[in-house]
Amino acid sequence: MTTDILAYGEAMVEFNQRQHDARMYLQGFGGDTSNFCIAAARQGARSGYISALGNDHFGQKLRELWLAEQVDASHVASDAQAATGVYFVSHDQNGHHFDYLRAGSAASRYASAQLPLAAIAAAKVLHLSGISLAISASACDAGLAAMAHARKHGVRTSLDTNLRLKLWPLERAQEKMREAFALCDICLPSWDDISALTGLDDRDAIVDTLLSYGIGLVAFKLGAEGCYVATAGERRLVPAYGVEAVDATGAGDCFGGAFIARLTAGDDPFRAARYANVCAALSTTGYGAVAPIPRAAQVEEILGSS
Ligand SMILES: Nc1ncnc2c1ncn2[C@@H]1O[C@H](COP(=O)(O)OP(=O)(O)O)[C@@H](O)[C@H]1O
Ligand SMILES: O=C(O)C(=O)C[C@H](O)[C@H](O)COP(=O)(O)O
């Protein structure tokens with residue numbers, strides 16, 4: 001079976017603070033590109049992951065998760081010399097915050113020589129994020145090499161900005177993300193990330209800048225407002241689906257996975273964005289990055305009745 005959507009990055013164990021007791025953390029799984037793969041698979045796409053894990057309990061649990069979710073993990077290496085990364089999510093009046101235990105993790109030791117070149121060349125879309133490039137110099141080189149290889153073989157590349165300044169300084173992020181934009185076909189920015197990366201605060205000026213890199217499609221994530229979808233010929237705000245959000249961790253990843261899944265299934269970008277808005281909105285109604293990601297039937301039921 002070929003894998004249509006491949007993602008490259010770091011999966012982690014998640015400990016997510018509960019609101020009723022600030023000392024209680026619920027264990028789950030995260031890592032933006034892994035969340036993306038699971039979101040795509042739950043919408044019926046054939047997705048697969050490129051990364052490395054430690055030879056530890058949580059690395060094994062991640063493999064079990066991908067097996068259960070039908071995400072192909074045959075391109076996830078095991079590194080006996082390093083640990084699987086961990087992160088904590090805490091919540092306050094300003095939203096959610098991440099703390100990491102991931103320096104030197106197995107995924108951060110990934111290098112270009114490990115890339116599954118034939119699988120990348122056979123995919124329809126290769127996805128990565130700012131985090132995939134931020135975790136180490138070797139992982140950054142591998143991510144950019146994977147994008148260049150995909151493009152060489154006519155595989156579309158997709159990039160979520162996911163800027164994490166705890167992982168790299170802004171100047172390096174700007175430099176490396178510019179290289180990634182130049183190799184990108186579909187960009188999935190969010191407001192805070194892209195305004196920090198470009199220094200711009202006007203939505204259309206940001207879209208103009210991204211299109212000027214040769215990016216063909218931008219789906220600008222706007223939280224509770226929905227998203228702004230832009231191609232060279234058309235720009236449209238696609239309104240959000242209204243929900244009572246309790247935890248937006250992973251909403252952007254869910255949006256990306258659903259959006260790319262629907263694009264590869266043949267939807268036009270505006271239709272795919274309408275679908276992804278509903279999918280991501282539903283994912284904010286439960287805690288954690290993975291558990292509340294809905295399946296296609298739930299999303300289609302809402303789309304069919306609205
Ligand atoms: N409060 C919300 N209500 C409805 N939909 C939401 C809400 N928050 C996020 N979403 C959906 O999730 C998508 C991604 O969320 P956003 O916060 O913009 O991205 P990121 O997590 O990457 O910062 C949005 O484009 C929207 O479709
Ligand atoms: O920060 C990281 O390195 C992670 O991968 C942890 C989270 O799973 C994602 O960051 C969620 O990302 P959002 O969809 O933007 O909420």
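Q: What is the strand order in the open sheet of four strands, and what is the pairing?
A: In this predicted model, the order is S3-S2-S6-S7, and the pairing is mixed.

Q: Why do strand S3 (25–30) and strand S7 (95–101) count as standing at the edges?
A: Strands S3 and S7 each have a single partner strand, so one side of each has no neighbour in the sheet.

Q: What joins strand S6 (residues 85–92) to S7, and in which sense do they run?
A: Seven bridges join S6 to S7, and the two strands run antiparallel. Pairing requires at least two bridges, so with seven, S6 and S7 count as paired. Within this pair, histidine 91 faces histidine 96 of S7.

Q: Which helix lies across strand S2 (12–17) and S3, and at what angle to S3?
A: The helix is H2 (residues 57–69), which runs at about 65 degrees to S3.

Q: What is the order of the nine strands in the other open sheet?
A: The order is S5-S4-S1-S8-S9-S10-S11-S12-S13, and the pairing is mixed. Strand S5 (72–79) and strand S13 (235–239) are the edge strands, as each pairs on one side only. Neighbouring strands of this sheet are turned by 20 degrees against each other on average, direction ignored.

Q: How do you know that strand S1 (residues 5–8) and strand S4 (residues 47–54) pair, and in which sense?
A: Four bridges link S1 and S4 in the parallel sense. The cut-off is at least two bridges, so the four found here qualify S1 and S4 as a pair. Alanine 7 is opposite tyrosine 49 in S4.

Q: Which strands does helix H5 (residues 137–152) touch where it packs on the sheet?
A: Helix H5 touches S1, strand S8 (125–129) and strand S9 (156–160), and its direction makes about 155 degrees with that of S8.

Q: Where is leucine 183, and which residues does it touch?
A: Leucine 183 is in the loop between helix H6 (170–181) and strand S10 (186–188). Not counting residues up to four places away in sequence, leucine 183 touches Leu144, Met147, Ala148, Arg151 and Thr157. These are called contacts because heavy atoms lie within 4.5 Å. Leucine 183 and alanine 145 are 38 residues apart in sequence, with 9.7 Å between their C-alpha atoms.

Q: Which of the residues around ligand 2 come nearest?
A: Out of 19 residues around ligand 2, the nearest are Asp32, Tyr100, Arg102, Arg164 and Gly250.

Q: What makes the approach of asparagine 162 to ligand 2 a polar contact?
A: A polar side-chain atom of asparagine 162 is 3.3 Å from an oxygen atom of ligand 2. The limit is 3.5 Å, so this pair counts as a polar contact. A side-chain N or O atom of arginine 164 is 2.7 Å from an oxygen atom of the ligand, so this pair also falls within the limit. Ligand 2 has 400 Å² of accessible area on its own, and the protein covers 94% of it.

Q: What surrounds ligand 1, and which residues are closest?
A: Ligand 1 is surrounded by 15 residues, the closest being Lys221, Gly223, Gly226, Gly252 and Asn277.

Q: What feature does UniProt place at residues 3–294?
A: The unreviewed UniProt entry gives "domain: Carbohydrate kinase PfkB". In the model this span is 38% helix and 26% strand, and its end C-alpha atoms are 21 Å apart.

How values were computed:
Residues are numbered from 1 along each chain as its sequence is written. Chains are lettered from A and ligands numbered from 1 in the order in which they are written. This is a predicted model: local features need pLDDT of at least 70, side-chain atom pairs count only at pLDDT 80 or more; totals for chains, interfaces and linings use all residues. Side-chain values use heavy atoms; hydrogens and water are left out. Axes are lines fitted to C-alpha atoms, for helices over the stretch in contact, and angles run from 0 to 180 degrees between N-to-C directions. A residue is near a molecule or strand if one of its heavy atoms lies within 4 Å of it. A polar contact is a pair of N or O atoms within 3.5 Å; within protein, one must be able to donate a hydrogen and the other to accept it, and residues adjacent in sequence count only if both atoms are side-chain atoms. Accessible areas come from the Shrake-Rupley method with a 1.4 Å probe; for residues, only the protein chains shown count as cover. UniProt positions are given in the numbering used here, feature names are shortened, and annotations may be inferred rather than shown by experiment.
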